[in-house]
Every structure is written in structure tokens, then in C-alpha cells.
Amino acid sequence: MSGKDLMIYILENNLVDKSIYDEFGIPVWLMTVAEAAEKFNVGQETIFTWVIKNMIDYQDINGELYIFRTSKDPRKKIK
């Protein structure tokens, strides 16, 4: 995620005056693997495969994987 993407996310989601971290200290623009699996209607193993194949944007925080909420469905990029 670029700085521009972050600013757009903050503005589009009305986060200007809010904390950028959730109650667990994770940035609000990231979602768990479980949330990503639900968003894309796939299993968590599919999300891990996409991460391994660099098909989806992710962040590793203290050994835990998080997926950017702005990530697009990688299946739609395949032609």
C-alpha cells in the first residue's frame, strides 16, 4: 500500500479523526486471514496460497499474516 493509497483509504472510510489501530493494535486497513477468506468466499488455505504466490497484498506483523482491506480478488486478475 502506498502513502497515496493509505490517504485515500482514510478519507473514504472517514477515519481522519479516529485511531488508525484497532483494539488489538493492528492497523484498521488490514484484515485477518479469516476475514479475507470470508470476503473472497474461499478457505483460509486459499488465502495462504495466494500470499505464497504473491497474488494478494499482505503484511506480516509479529509472525501473523494480515491482508490489506483494499485487496482485489486475485481470481479476477487471472486471464
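Colleague: At what angle do helix 2 and helix 3 pack?
Modeller: In this predicted model, helix 2 (residues 33-40) and helix 3 (residues 44-52) pack at an angle of about 100 degrees. Their axes are 8 Å apart.

Colleague: What do you call that arrangement of helix 2 and helix 3?
Modeller: Angles from 65 to 115 degrees count as roughly perpendicular, so helix 2 and helix 3 are roughly perpendicular to each other.

Colleague: Which residues meet there?
Modeller: Helix 2 brings Val 33, Ala 34, Ala 36, Ala 37 and Phe 40. From helix 3 come Gln 44, Ile 47, Phe 48 and Trp 50.

Colleague: How many of those are nonpolar, polar or charged?
Modeller: The contact of helix 2 with helix 3 has 8 nonpolar residues, 1 polar and no charged.

Colleague: Stay with helix 3. Which residues in it are buried?
Modeller: Ile 47, Trp 50 and Val 51 are buried in helix 3. Seen down the helix axis, the buried residues fall within an arc of 100 degrees, so they line one face of helix 3.

Colleague: Why would residues three or four places apart point the same way?
Modeller: An α-helix has 3.6 residues a turn, so residues with that spacing point the same way.

Colleague: What do the buried residues of helix 3 pack against?
Modeller: They pack against helix 2, strand 2 (58-61) and strand 3 (64-68).

Colleague: And which residues are exposed on the other side of helix 3?
Modeller: Glu 45 and Ile 52 are exposed there.

Colleague: What happens just after helix 3?
Modeller: Asn 54 takes a positive phi of about 60 degrees.

Colleague: New topic. What makes up the largest nonpolar core?
Modeller: That core has 11 residues in all, including Met 31, Val 42, Ile 47, Ile 56 and Ile 67. Helix 2 and helix 3 are the elements that give two or more residues to this core. Helix 2 gives the most, with 4 residues.

Colleague: What is Ile 47 in contact with, leaving aside neighbours within four places in sequence?
Modeller: Ile 47 is in contact with Val 33, Ala 36, Ala 37, Phe 40, Val 42 and Ile 67.

Colleague: Last one, Ser 71. Where is it found, and is it buried or exposed?
Modeller: Ser 71 is in the segment after strand 3. Buried means under 20% relative accessible area, and Ser 71, at 6% relative accessibility, therefore counts as buried.

Colleague: What does Ser 71 touch, not counting residues up to four places away in sequence?
Modeller: Ser 71 touches Lys 39, Phe 40, Ile 56 and Asp 57.

Conventions. Residues numbered from 1 in each chain as written. Predicted model: local features only at pLDDT ≥ 70, side-chain atom pairs only at ≥ 80, totals over all residues. Heavy atoms only, no water. Axes fitted to C-alpha atoms, helices over the stretch in contact; angles between N-to-C directions. Parallel < 35°, antiparallel > 145°, perpendicular 65-115°, else oblique. Contact = heavy atoms within 4.5 Å. Nonpolar A, V, L, I, M, F, W, Y, C, P; charged D, E, K, R; others polar. Buried < 20%, exposed > 50% of the residue type's maximum accessible area, 1.4 Å probe, protein only. Arc of directions from axis to C-beta. Core = buried A, V, L, I, M, F, W, Y, C linked by side-chain atoms within 4.5 Å.
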